[in-house]
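The sequence and the structure come next.

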Amino acid sequence: MSGEQPCERPVARVEADTSRCVSSGQCAVTAPLVFDQDEAGQVVVLAAEPGARAAELARQAAALCPASAIRVYPVS
Ligand code: SF4
């Protein structure tokens, strides 16, 4: 099984601080459903309220981000 179900319940809120981003691209590689990069390489959040699977990948991306630019908050 792959991909995010369109109606999946959000379990997290994702924020990225572009003032900290150093355009390494780790987030877009780790969680491509949640993050992309703009033409300058800066992070772009594609899914600010991901479901469970994407949220887990977003947490991994946050842990890997060399600039600590990503925050993933739980939502109830
Ligand atoms: S991993 Fe961090 S520093 Fe790299 S592009 Fe993503 S937000 Fe920016």
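Val75 lies in the segment that follows β4 (70-74). The coordinates belong to a predicted model, and the values below are computed from it. Is Val75 buried or exposed? With 10 other C-beta atoms within 10 Å of its own, Val75 counts as exposed, because the limit for that class is 12 or fewer.

Leaving aside residues up to four places away in sequence, Val75 touches Pro10, Val11, Ala12 and Arg13. For one of these, Ala12, the C-alpha to C-alpha distance to Val75 is 5.0 Å, while the sequence separation is 63 residues.

**Fold.** The protein has two helices and four strands, arranged along the sequence as β-α-β-β-α-β. Its radius of gyration is 12 Å, close to the 11 Å from the globule rule for 76 residues, so the protein is as compact as a globular protein of that length. The C-alpha trace spans about 30 × 25 × 15 Å along its principal axes. Taking contacts between residues at least 6 apart in sequence, 62% link residues at least 24 apart. Of the 76 residues, 26% are buried.

In soluble globular proteins, nonpolar side chains tend to be buried together. Here the largest nonpolar core holds 19 residues, and those touching the most other members are Cys27, Ala31, Val34, Ala58, Ala61, Ile70 and Val72. Elements contributing two or more residues to this core are β1 (12-16), α2 (52-64) and β4. The largest share, six residues, is from α2.

Ile70 is one of the core residues listed above. Not counting residues up to four places away in sequence, its contacts are Ala16, Cys27, Ala61, Ala62 and Cys65. Among these partners, Cys27 and Ala61 also belong to the listed core residues.

| Residue | Residues touched |
|---|---|
| Val75 | Pro10, Val11, Ala12, Arg13 |
| Ile70 | Ala16, Cys27, Ala61, Ala62, Cys65 |

**Ligand shell.** Which residues are closest to the ligand? Of the 15 residues that surround it, the closest are Cys21, Ser24, Cys27, Val43 and Cys65. By class, the shell comprises ten nonpolar residues, five polar residues and no charged ones.

Definitions and conventions:
Residues are numbered from 1 along each chain as its sequence is written. This is a predicted model: local features need pLDDT of at least 70, side-chain atom pairs count only at pLDDT 80 or more; totals for chains, interfaces and linings use all residues. A residue is near a molecule or strand if its C-beta atom, placed from the backbone, lies within 6 Å of it. Ala, Val, Leu, Ile, Met, Phe, Trp, Tyr, Cys and Pro count as nonpolar, Asp, Glu, Lys and Arg as charged, and the others, Gly among them, as polar. A residue is buried if 20 or more other C-beta atoms lie within 10 Å of its own, exposed if 12 or fewer, and partly exposed in between; C-beta atoms are placed from the backbone. Two residues are in contact if their C-beta atoms, placed from the backbone, lie within 7 Å. The radius of gyration is taken over C-alpha atoms; the globule rule is 2.2 Å times the number of residues to the power 0.38. A nonpolar core is a set of buried Ala, Val, Leu, Ile, Met, Phe, Trp, Tyr and Cys residues joined through C-beta atoms within 7 Å.
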